[in-house]
Structure formats: C-alpha cells, structure tokens
Amino acid sequence: MHNSKTQDTFVGLFVASGIAALFYMAMQVSNLGSYTSGDSYTIIAQFQNSGGLKVKSPVSVAGVRIGRVSSIRLDKESHESIVEMQIDSQYNNLPDDSGASIYTAGLLGEQYISIDPGPGISGEFLKDNSKIDNVSSAIILEEMIGKFLMNKAEGK
Amino acid sequence: MANRPSPDKPIVKVHNLSFSRGSRKIFDGIDLEIQRGKITAIMGPSGTGKTTLLKLIGGQLMPDHGSIHVDGQNVHRLKSQELFNLRKRMGMLFQSGALLTDMDVFDNVAFPLREHTRLPESMIRTLVLMKLHAVGLRGARKLMPNELSGGMARRVALARAIALDPMMIMYDEPFTGQDPISMGALVHLIKSLNTALGLTSVIVSHDVQETAAIADYIYVLAEGKIVGHGTPQQLADSDSQWVQQFMNGNADGPVPFHYPAPDYLDDLLAS
Amino acid sequence: MFEFLENLGKTTRSSFAKLGRSTFFLGHTLMGIGDVLPRPSLLTKQLYSVGVLSFLIITISGLFVGMVLGLQGFYTLSDFGAEESLGVMVAASLVRELGPVVSALLFAGRAGSALTAEIGLMKATEQLSGMEMMAVDPIKRIITPRFLAGFISTPLLATLFSAIGVVGGHMVGVGLLGVDDGAFWAQMQSSIDFQEDIINGVIKSIVFGFVVSWIALFEGYDTIPTAEGVSRATTRTVVNSAFSVLGLDFILTALMFGDI
C-alpha cells in the first residue's frame, strides 16, 4: 500500500486521458464539433438545385474554407433549395453583391459552396441572415452527360 | 472403539464420512472426534487424504455420505453466509502458507481484520503487531512473501490464522520441508498458542516424532479408514501392524513398498 | 467410428459443462459488484495494473496503425484523385473497426493473459482456497475488481487508440504526403457521425472488454493448478479472446451498420 498514491495518480491520468480522447474524437473527428462552432453568422442562398450538397459541406472563398452549410431545406412555393451557411465571424467583409456557386471538388469529390466576392458597389457587407441573390446551381453530372449525348446525336 | 475419549462435547464430530475423487475412494466411512482445547493429530502416509479431510471440515468440499459437525453445526447443511461465519472462527494453516503474494507481511496479517471488522487502522496495527510478535516476526512486517523462507511464511500464515482469535486452528502438514530449527520453532509455537489462547488444534501430518511430541490424541489413517487411535503412548504400544509400520517408519508392512503391479517377472518378459 | 462418436460426445459434454461453469462464474462475479463499489481502492489498484500498464502498448500501436492507414490510404485514394478523403478513410476505419478490435486484441494479449496467469497462480498456491477459509469470497474479493477494471479500461483504451491513430494518419497524410489540412479534417468531420460511428465504436469496445475480461478471469479460475495448467489456460485466454472478439465484431457490425 506504500505506492497507492502514485497509483491513484496514474489511474486518474489514465481515465482523464481516455475521456480527453473521447472529447477530441467528438469535437475534432466527428460532426459534433460543428454544432458548437462559436462565433459565426448565417447567410442564406436559394439554389434551383443544390445537388449533392450536404449539411456540413464546406463553404469557401478562393479555395479557403470560411464556413460550412448548416441546413438545407426545400422552399415550398418555389420548389427550390434554401441553403443556410454559417460563416466564421472573422470573415465579416464579404460584399453584399457576392455570388454563390455549388462546385464539386474533383470529379468524384464532395460538393461545396464557393463564394465569389462581388465588386462591392453599395459598400455594404453580408450580415447575419443576409441573402445571396447571385447564385449558380450545382452541376449535375448525369444531366451534363445526357445533354452532351443529345447534342452529339443531334449533330450527326 | 473401547478406548475412545469420553464424548465431552467434541468441537468437531465426523460421522460415517465417505468421500471419493473420481473412482478413487479416499474415505470409506470414518468416524472421529476432536476435543475442545486439545491438540489432535491426524496422521497417515502421504496420499491418504489428510488434507482433503481438513477441506471437508472447512466446508470446501462436499462429502458423498456422512456428516461433519463443527461446534454443533452441520457444516454441509449451512447456508453460505452461515458457513462464512463459522469459518471466521476456524483458522487454517495451509502447507504452502497461502500468503497473498501481492501484499507484504503486515497487510497479509491485517487482511482478515480489514475484511471482517471495521476497526480503525491504529487498532489493526496494534493487533497485527501483537500477532506477529507472537510468532516472532514483528521485525519482518515490511517483507514481501517471496522474501520469506518457508518456515517464516508458515509463521506469518499462523499469525494471520490467529488474527481473528479463532476457536480452532487446522494445520496442514506444518512440519514438512522444514529445517530442524524452524521445525522446533513451529512445534513450540503450536503448543504454546494452544495453551495461551485456549485453542483447539488439529494437526495433519506424517512427521511422527514432532507430532507425537505435542499431540494429546492421534488418529492414524490408511486406505480410507482409521486404523488406530489413542494417545501417543497408547499408539506406541499398539499391536496393530498398520500403526507399528507407520509409527516406526518400516518400508514394508500392511502398506506395501510396491505400488500394485503385475508380477515382476511377467512384466519384465512381456514386450 | 464408434470411438470418434464417443470422443465427440465427450467433447460436447465437457464444453457444455464448461459453459455452465463460466455462466455461474459470471453471475457470481457480477453479484460482487455491490461489495466492490464501496471499496474503490480495490478497483483503482486493478485499473492501474489492467489499464495504466496497457496504456503504452495501446498508444504506440495506435500511432503506427494510424500512420500505416495514412500511407496505404493515400496510395489507394490518389489513384482516384480523392486524396482529400484520406481523413474519412483513416477515421472511419479506426473508429468503427480497428480501434475497438485491435485494442481488444492487444488488451487480451497484454492484460488478459496476465490476469489468467495471476489468478491461475493464486489458485495453484492455494491463495484462493486460503481466502475461502478466511471466510472471504475469492470471487468477490479478487475476481470482481479485476473484471470491473477490464470492463472500464477497454473503452478508454479503444478511444485512445482511435484518437492517436487519427493523429498518426494526419501526421503521415498531411505532414508527409501533402494532403490539404483543411480537406483532411473537413471531410472527416462531415462524414463521421458522433452517434453512428463514435458511440457505436465505444459500445463495441465495451462488449469486447466484457468478453475478454470474462474469458481471462474464468480461464484463470478454472485452471488446473499446475505450471502446465496455468500455461495452457493463458494460451486459451489469448486464443479464445481473439476468436470471440473477431466473431462478435462481425455480429455487432452487422447489427450497427449493416441493416441485416
């Protein structure tokens, strides 16, 4: 029983490191971290078709990730897709005439939203719950292949 | 059965006990009684199940037939809690000592006290040191079991066995493999503890001289039966061949030198 | 032929007898939990020898497994131009499968075999029987704390294994092979679900810890108390644990992820 104190300390460290590992897994590896991402603001964009975009897909400007998709839902009137994005509040100087497009990372990669900063004519920036009007939808591979084949067939 | 001691409330009463292991019959209807406050020895050649008898008395094994009463309670009819309560009043000294190897001497002796009592640690310390002093190992309390000689381990185990002040201690081959000095120390300890603490002692042994020197009464076992019993003097004068062979250590006799085998010549020529 | 049938019957009978004994043993062990919890010092001592002493082998193996996954995954994925998915691949394999399974196998080899040998030797040196004669139930006093410690340690060890494996995969993938750091994490985070993947992985490792501790302690308790008996029991612990872990892994995976 002489070294029971050191033993207790080691056991404490062991249990603490296990719990820390679980916390790390939850926050860094899984999607749990995104629910609690601290300072951010929401912007909204309405796409005709959001394709394979998913909740938590990245949002980037010039290839730099500035936020992530927080929700995707269908607008019942227009039958279009309404995508909400959470943007890190450090990127608070996006001009309000910026555009949003859905791209695919590589041929088989996942889809993401790319924001093209506009010229900033009005001098205003996108704020919480601002809406982006200038959008281009996801490119659907099957549609493109279909069109391409059609054109070929018609061309002959 | 004429010279059996008067049945003045024996502490252990074994009646018509039979026990077998596989097809081997170890006990075949034995009767014996152990008197309170006395040193009773159960002797016999190796392999006659003397240790088994102790385990039966302690309730670790179930007999095939017969009954064992300890302090008026039928050991094998008790519920496990009652059996545990009875065992707190019985100490057993295993041949190997059976000390817990992950604890030092002090914690080993303190073990039954810590398990069964809510005594404060200072009181436990006092008790443990008293018990260790009784076996002459108060200075060895910091040693681990693997640092003890066989004789010392047995003495520590003895201190542990008397930690809860039992009414009876069972010694399983206490003298085997001891040098003459530790043997002498153990003989002296068993005798003095018996008188000083008012214990009942049961010694299972095949060391005739040492056992006969301190035993008040001796049972001799052979081939699953009791072949003789009496005071050491009575046994020395016994005319039973079994008893004579055992007490004098003759190589051949009713217990044959040879393990049962086919005829020697036939066996050599067979191939 | 007749002999064969007789042997088969004998084997069947003895396996059933063993199954019965081990079930009683487990029940008895679980009944001791109420006696152990009020004495946490018994538990911490075992958590030390079962958990803390397995820490090093688990973390080092986790790091290397993660690094190998990073390397192999990169070469396979780069054929498809999908290197950014490396994070998902590393994390998913670790969290769902390798973390719980490999750490359970390592645990069986490191701690399970030690438990069997310890209990087997305690039996061989009459320590268990001596305890019984001191009116102390050896299962509740010796087995239950070890069982609980094994059962608590394995999920912690498996989580550590996975976490360090992800770090190892990141080191190789991002640090060495130049996968984009953001893509590595972002893809991982978007594909790994806390409930689906991480919690299920933890549940797996709890089941494995339960089974490995049970096997190890039972083999030790049921051993033939000789040197040979203890060595055989130790071997059986490792072999039976490995079979049980892999078999159970298939069943659990099918139940959790497979919709079978």
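This is a predicted model: local features need pLDDT of at least 70, side-chain atom pairs count only at pLDDT 80 or more; totals for chains, interfaces and linings use all residues.
Both B:E173 and B:K50 are buried, where buried means under 20% relative accessible area, exposed means over 50%, and partly exposed lies in between (1.4 Å probe, protein chains only). These two residues form a salt bridge, with their closest N and O atoms 3.6 Å apart; the term stands for a side-chain nitrogen of Lys or Arg within 4 Å of a carboxyl oxygen of Asp or Glu. B:E173 sits in the loop between β7 (168–172) and α6 (180–197) of chain B, and B:K50 in helix α1 of chain B, so the pair ties together parts that are 123 residues apart in sequence. Helices (H or I, at least four residues) and strands (E, at least two) are DSSP runs, numbered from the N terminus.

Residues are numbered from 1 along each chain as its sequence is written, chains are lettered from A and ligands numbered from 1 in the order in which they are written, and side-chain values use heavy atoms, with hydrogens and water left out.

Staying with chain B, helix α1 (residues 50–57) is mostly covered, with six of its eight residues buried. Besides B:K50, the buried set includes B:T52, B:L53, B:L54, B:L56 and B:I57. Just after this helix, B:G59 takes a positive phi of about 80°. Another lysine, B:K131, belongs to helix α4 (residues 121–134) of chain B, and counts as buried at 9% relative accessibility. Leaving aside neighbours within four places in sequence, B:K131 is in contact (heavy atoms within 4.5 Å) with B:V109, B:A159, B:I162, B:A163 and B:D165.

Salt bridges also link helices of chain C. The side chains of C:E219 and C:K18 meet in one of them, at 3.2 Å from N to O. C:E219 lies in helix α8 and C:K18 in helix α1 (residues 2–31) of chain C, so this pair ties together parts that are 201 residues apart in sequence. C:E219 counts as buried at 3% relative accessibility, whereas C:K18 is partly exposed, with a relative accessible area of 24%. C:E219 also pairs with C:R236, the closest N and O atoms being 2.9 Å apart. Here C:R236 comes from helix α9 (residues 227–257) of chain C, so the parts tied together are 17 residues apart in sequence. C:R236 is partly exposed, with a relative accessible area of 32%. Over all chains, the whole structure holds 20 salt bridges.

Chain A has its own pattern. It contains three helices and eight strands, which follow one another along the sequence as α-α-β-β-β-β-β-β-β-β-α. Of the 156 residues in chain A, 35% are buried. In helix α1 (residues 4–29) of chain A lies A:M25, which counts as buried at 2% relative accessibility. Its contacts, leaving aside neighbours within four places in sequence, are A:S30, C:V95, C:T159, C:S162, C:A163 and C:I198.

The contact takes 31 residues from chain C and 26 residues from chain A. Together the two chains bury about 2,600 Å², 71% of it on carbon and sulfur atoms; buried area is the accessible area (1.4 Å probe) that two parts lose on being put together, summed over both. In chain C, C:L156, C:Q189 and C:F194 lose the most area to chain A, together 22% of what that side buries. There are zero salt bridges between chain C and chain A.

Chain C meets chain B as well, with 17 residues of chain C in contact with 23 residues of chain B. About 1,800 Å² is buried between chain C and chain B, 55% of it on carbon and sulfur atoms. Three salt bridges are counted between chain C and chain B, and the side chains of C:K45 and B:D102 meet in a salt bridge at 3.6 Å, N to O. On the side of chain C that touches chain B, α5 (127–133) and α6 (138–176) each supply at least two residues, and the largest share, six residues, comes from α5(C).
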